[in-house]
Amino acid sequence: MQNTANAAGTDGPELVDTAPLVEDLYPALAELREAGPVHRIAGTDGRPAWLVTRYEDVRRLFADPRLALDKRHAAPGNYSGFSLPPALDANLLNMDPPDHTRVRRLVVKAFTPGRVEKLREPVRRVAEELLDAIEPDGRADLLAAYAGQLPIIVICDLLGVPQRDRRDFRAWSDALITPDPARPGAAKEAVGSMLRFYTELIAKKRAEPADDLLSDLILVRDDEAGDGGDGSGGDGSGDGSGDGRLSEDELTSLAFLILLAGYENTVHLIANSVLTLLDHPTALQELRADPSGLAAAFDELARYEGPASLGIRRFPLEDIEIGGVTIPAGETVLLSAASAHRDPAHFKDPDEFNPHLGRSGHLALGHGIHYCLGAPLARMELETALAALLRRFPGLRLDVPRERLRWRPTIRARGLISLPVAW
């Protein structure tokens, strides 16, 4: 992998070319990992960033309090990222303690293993209905028709989003997660549409509460603000600064994050796992014969081909040293979970898929205080989706040559563009 010239106006090591990370991810990461623990690259916003590649460093830094998520800790001119309005930007992916602790505490009970287990049967019914719809065709794009449908139905049911309001969500999500260079304004349009969507939905739920997570969060917001339900806050500020408080922007941002994260990552977790099993027919046949093994296989599926190549960008609060390299405070740090998962210093034969090894310690759902809130739900959805699929379609196979499959052109996420299958 070659270095490229520094971006204009930047100091430090030459930037590593990230094109191979899109074209051939794991060999490119192996080359970087062997060359050194930290590399200077063009980040997801086009500006220089530091990529951390080795397992021990990545895991430690996921939980290091010296690395902040709050963009206010970025050095001036160092990070642009994607601009969201305040009503969507006050989310857990841009928060550090104590705000992160306060907001996370309000929503964590929605995703306890016990509560998620109660959703297993409804999720199974959704999976069966989706498979009913495509079974007569004998072939389908499994990402569009199944993996891309199940998570949005589940998370929308959990939040209480009416069915008539779900049709545009995938298009909005795709515009944000994988922007189309041919449509430079699409992401901004999607943000505007999503903001209107969430604002109107919260207003409807506030007027007519139901038995769903969003209604519960609105109740917490309004009761603890002490304002009788108008969302302005007891003193008119509604800034959420008091202990246990939730501001109106935080409420809207929570709904935005739960829906977006609960959809996007699970879509690709399911599709990637199906592809992994199709690539490993012995494991596929074993799990088809004994679906109870899917629970144990989750960690290996998530390690081998997880949906997030990178953790959320972080900003050092002070100069920090990683593998002998000093990273100045305020610069952007990217933690490569995909590289960590293939690190032979931690995992034996990391490029092999083996659900029997019981390999622990994957970072597909994060680590530390920012560990994925929806981890129990993601586990249950994957187990349920795969169990139904393997049982219903014993002849499942790829419908195109393997080499024709394409991955999304981004270093941030690991997701297929489509997954054509036949049965």
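Predicted model: local features only at pLDDT ≥ 70, side-chain atom pairs only at ≥ 80, totals over all residues.
Residues are numbered from 1 along each chain as its sequence is written, and side-chain values use heavy atoms, with hydrogens and water left out.

**Exercise 1. Classify how α13 and α14 are placed relative to each other.**

Step 1: Find the helices. Helices are DSSP runs of H or I with at least four residues, strands are runs of E with at least two, and both are numbered from the N terminus. Helix α14 covers residues 281–289, and α13 covers residues 248–279.

Step 2: Take the angle. Axes are lines fitted to C-alpha atoms, for helices over the stretch in contact, and angles run from 0 to 180 degrees between N-to-C directions. Here the two axes come within 5 Å and cross at roughly 110°.

Step 3: Apply the rule. The helices α13 and α14 are therefore roughly perpendicular to each other.

Step 4: Look at who meets whom. Contact means heavy atoms within 4.5 Å. From α13, Leu277, Leu278 and Asp279 meet Pro281, Ala283, Leu284 and Leu287 of α14.

Step 5: Sort these residues. Ala, Val, Leu, Ile, Met, Phe, Trp, Tyr, Cys and Pro count as nonpolar, Asp, Glu, Lys and Arg as charged, and the others, Gly among them, as polar. The contact of α13 with α14 has six nonpolar residues, no polar ones and one charged.

**Exercise 2. Find the residues that touch the most other members of the largest nonpolar core.**

Step 1: Know the terms. Buried means under 20% relative accessible area, exposed over 50%, and partly exposed in between (1.4 Å probe, protein chains only). A nonpolar core is a set of buried Ala, Val, Leu, Ile, Met, Phe, Trp, Tyr and Cys residues joined through side-chain atoms within 4.5 Å.

Step 2: Read off the members. Among the 96 residues of the largest core, Leu259 and Leu419 touch the most other members. Helix α13 gives the most to this core, with 17 residues.

Step 3: Follow one of them. Beyond its neighbours within four places in sequence, Leu259 is in contact with residues including Ile152, Cys156, Phe169 and Tyr198.

**Exercise 3. Decide whether Cys156 is buried or exposed, and how many disulfides the structure has.**

Step 1: Check accessibility. Cys156 counts as buried because its relative accessibility is 1%.

Step 2: Look for partners. A disulfide is a pair of cysteine sulfur atoms within 2.5 Å. The search of the whole structure finds zero disulfides. For Cys156, the nearest cysteine sulfur is that of Cys372, 17 Å away.

Step 3: Compare the other cysteine. Cys372 is partly exposed, with a relative accessible area of 30%.

Key
Parallel < 35°, antiparallel > 145°, perpendicular 65-115°, else oblique.
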